[in-house]
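Visitor: I would like to learn how to read a two-chain model. Please take me through the features one at a time.

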Amino acid sequence: MQPQDVMDDLKAIRQIMERARRASDGFGGWFMVLWGVIWFLGFTGTHILLHLQQDEAINWLWTPLNALGVLGSVWLGIRMAQRARTKSSSLWTSILFWWLALAAFDGVLIWQFRLYTNGLHMALLIVLTIALGYIQFGLFTHWSISTIGLFLGLLAVILATWLPAYFNLGIAFLGGGAMIGGGLWALRYGG
Amino acid sequence: MPELDPVIHQPTRLRIMAALVGLDEGDRADFIFLRDLLGLTDGNLSVHLQRLEEAGYVRVEKTFIGRRPKTWVWATPKGRAAFAAYVDALEDILYPQER
């Protein structure tokens, strides 16, 4: 074999290994893009509805968006499990139940501490719980997911403390944007 | 010049092994996933998988999910070791003094 042929072979090997890794685990990126879009729509809508003093309509906005997110996540999970049985794809049902457990935990806190009387506190709790979920998930998968979780948590605290009037808008654009950007990054570079 | 494993040296089999070794140890790939990833036909992939399975480099498991057949493929420890040795041999050709 000529050195050039060897170099071509080694390059091809590296490319295929990378493509296989990315194609099998790249679904994590789609989850983040999906929820990033939902956050963007939901929090932007919440900001507008609060300005229009249509507080009751906020529930009607979030119910279909969350349902869309859960159904989309289940669909992505099924597709992931069908393509390659990797560590993350075989764990997707556990991951789904873990998020449901976090949601139930939030539900209990909101009910017990009557956080539903204060929209900002309720939203802050939900965003912080999701940020914690991302941080934990990233510890077992890829550091970039933990970084996004950390960013979401800090962003939520900063906005709620110093810019409460822009909390929803900030989470929509910066939080949702970070999730979409992080998801696209994971799809491009593997994560 | 170092000896190159003739089973892995065949270009299609080399790509199959690279894809399977690219997954984490213990991970399995669906036949369709592998076929699409490498741009092969069903027949071509089957023939080369059979050759790799005979050498003990991959395992092929046919199952059913509901009524649909499903074929899982993964690299065995022997296959991973053979692939690593093959890559080492290529690097030996490229950088003989450094090894």
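Visitor: How many of the residues of chain A count as buried?

Guide: A residue is buried if 20 or more other C-beta atoms lie within 10 Å of its own, exposed if 12 or fewer, and partly exposed in between, with C-beta atoms placed from the backbone. Of the 191 residues of chain A, 30% are buried. For chain B, with 99 residues, the share is 33%. This is a predicted model, in which local features need pLDDT of at least 70 and side-chain atom pairs count only at pLDDT 80 or more, while totals for chains, interfaces and linings use all residues. Residues are numbered from 1 along each chain as its sequence is written, and chains are lettered from A and ligands numbered from 1 in the order in which they are written.

Visitor: What is the confidence of each chain?

Guide: The score to read is pLDDT, the predictor's confidence in each residue, from 0 to 100. Chain A averages 87, and 91% of its residues score at least 70. Chain B averages 89, with 95% of the residues at 70 or above. Within chain A, the lowest mean, 57, belongs to helix H4 (residues 87-90), and the highest, 93, to H7(A). Within chain B, strand E1 (residues 28-30) is lowest at a mean of 86, and H4(B) is highest at 96. For the model as a whole, ipTM is 0.88 and pTM is 0.71.

Visitor: Which secondary structure elements does each chain have?

Guide: Helices (H or I, at least four residues) and strands (E, at least two) are DSSP runs, numbered from the N terminus. Chain A has eight helices and one strand, in the order α-α-α-β-α-α-α-α-α along the sequence. Chain B has five helices and three strands, and its pattern reads α-α-β-α-α-β-β-α. Taken along the principal axes, the C-alpha atoms fill a box of roughly 75 × 30 × 25 Å in chain A and roughly 55 × 25 × 20 Å in chain B.

Visitor: How is the packing of two helices described?

Guide: Two packed helices are described by the angle between their axes and the distance between the axes. Axes are lines fitted to C-alpha atoms, for helices over the stretch in contact, and angles run from 0 to 180 degrees between N-to-C directions. Angles under 35 degrees count as roughly parallel, over 145 as roughly antiparallel, 65 to 115 as roughly perpendicular and the rest as oblique. In chain A, helix H7 (residues 143-162) and H8(A) pack at about 175 degrees with their axes 10 Å apart, and H7(A) and H8(A) are therefore roughly antiparallel.

Visitor: Which residues make that contact?

Guide: Two residues are in contact if their C-beta atoms, placed from the backbone, lie within 7 Å. From H7(A) they include Ile148(A), Phe151(A) and Leu155(A), and from H8(A) they include Gly175(A), Met179(A) and Trp185(A). By class, the contact has 14 nonpolar, four polar and no charged residues. Here Ala, Val, Leu, Ile, Met, Phe, Trp, Tyr, Cys and Pro count as nonpolar, Asp, Glu, Lys and Arg as charged, and the others, Gly among them, as polar. The buried residues of H8(A) include Gly175(A) and Met179(A).

Visitor: At what angle do H2(B) and H4(B) cross?

Guide: The axes of H2(B) (residues 11-22) and H4(B) (residues 42-54) come within 10 Å and cross at roughly 80 degrees, which makes H2(B) roughly perpendicular to H4(B). Thr12(B), Arg13(B) and Ile16(B) of H2(B) meet residues of H4(B), including His48(B) and Leu52(B).

Visitor: How many residues of chain A are in contact with chain B?

Guide: 21 residues of chain A are in contact with 19 residues of chain B. On the chain A side, H1 (3-25), H3 (57-83) and strand E1 (84-85) each supply at least two residues, and the largest share, 14 residues, comes from H1(A). By class, that side has 11 nonpolar, three polar and seven charged residues.
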